Amino acid sequence: MHREAKGYARSDGRIGIRNVLLVVYLVECAHHVAREIARPFGRQGVHLIGFPGCYPSEYAARMMNSLCTHPNVGAVLLVSLGCESFDRAALESHVASSGRPVATLVIQSKGGTRKTIRTGRRWVKETLSRLDSVRRIPVRVHDLVIGTICGGSDATSGITANPATGLVFDRFVAEGAACIFEETGELIGCEDVIAARAITPTLGRLLRDSVRKAAKYYTTLGHGSFAVGNAEGGLTTLEEKSMGAYCKSGSSKISGLLKPGDKPPRGGLYLLDIVPDGEVRFGFPNICDNAEIAELIACGCHLILFTTGRGSVVGSAISPVIKICGNPETTKRLKDDIDVDAGRVLDGVASLQEVANDIYELTWRVAGGAQTRSEALGHQEFILTYKYFEPAGPACFPVPSEPQ
Amino acid sequence: MKKRVYLQLNPADNVLVLLRHVKAGEPIEIGQQRVVMMVDLPLGHKIAARPINVGEQIIKYGVSIGVATRAISFGEHVHLHNMTSNYIPTRAP
């Protein structure tokens, strides 16, 4: 049976499952004005994102190019103070070329806070009506890009929520979707098993290199990707957390290695390398879960499968987050925030496959417009900080060889 | 279905994952043997499936997740106080 959902056609051939109007601040100084422009429209599909930094960042520019032309995005309003480094003209031009309605408001030119908010809200109101006329076409499985992340992990994550998500990934990949997992800092200890799944030996070497890079980076920092809550939840070492996290990727072959902003060229399973290249310049690779979600979304993820044990409540701007909880006690306590109860496996009332089927069915409903719990509760978190990446080389996207 | 106390994820594992809280003084059946819990432990924490020597690898998911820093007795809590990472040490909470 061929599943489909009703999506939004975009000029680059990709199809969105949402039709968001983004209000984007280009420096922290423009944040309040942008927030006030967006505020009356919070439940009408208007999302606020932004880059707080005043100094130049190639990474931030690349991320914003990708995020503002994401298939879930229908229109963009840029809000600039006026003197920040972000190249607003280049971003506006990039969005305009994609055929989306776009405008830039410069607070210093417009005449200050009140005038910019007034003009901005007017533009948003007019543009929301224009968004109603975006062409609707079917989204099929090969159009979908699905990301996964774990946050607030405890020891249950690796035995319920993550393996169930791995089964869902296996199914979507087999059906032709692109699925992306990441957190190379949490694959330390898993290099051998990961490299063995690469579709070519060269890619296998690159996957190993990316994990080695992560180990070196975190060793320099003196701190692994390990939070206090992980230990309280029963995880003792980074490699233990890694093995649990690794299960989310399922058992498909790995087709490529992405960097933030790279789009998967075809269906398959991809690893997103989130650890910066070069020296440790800007601190932790990703300061929180939403920083990683933003990078998955920049790679084109329509939605995110988010596994948790301790109980994360976040959603995200642009792409809906499906919350899968592996700990039955957490699910009971945070029941309004959890989409899928994977802890049922521990209680003996469901199998991993049954939980995987629930996640699969919910994914299609969300693709068709059903809101996730975090979406319905108004969660639209977004974080973007300074990072540095070299471009991914061609070997990161090998063409799968013909079967012998 | 009666709720199990622990799960062994892989036959090679020398630790077991608790599926529910256990109380100090509570007796647990591991295989054919009985052991009394020495402390309260939350869901998700690990207990030793057999005695483990100092310097021995801790095996979970069929792979090493670290190394024992103390001798560990059968059924004992296995965590930051008696094991450490082979990669990057965890800062204790």
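Start by selecting helix H9 (228-232) and helix H11 (289-298) of chain A: each gives at least two residues to the lining of the second largest pocket. Helices here are DSSP runs of H or I with at least four residues, strands are runs of E with at least two, and both are numbered from the N terminus. A pocket is an open set of points on a 1 Å grid over the protein atoms alone, where a 1.4 Å probe fits, with protein on both sides within 12 Å along at least five of seven lines; lining residues have an atom within 4 Å of a point.

This is a predicted model, with local features needing pLDDT of at least 70, while totals for linings use all residues. Residues are numbered from 1 along each chain as its sequence is written, and chains are lettered from A in the order written.

Staying at this pocket, show A:Ser225, A:Phe226, A:Ala227, A:Lys241 and A:Asp289, the nearest to its centre among 23 lining residues. The space here is about 400 Å³, counted as that filled by probe spheres set on the points.

Next, move to the largest pocket, with a volume of about 550 Å³. Among its 27 lining residues, pick A:Arg18, A:Gln44, A:Gly45, A:Gln371 and A:Glu375, the closest to the centre. Strand S1 (4-9) and helix H5 (113-131) of chain A each give two or more residues to this lining.

How values were computed:
This is a predicted model: local features need pLDDT of at least 70, side-chain atom pairs count only at pLDDT 80 or more; totals for chains, interfaces and linings use all residues. Side-chain values use heavy atoms; hydrogens and water are left out.
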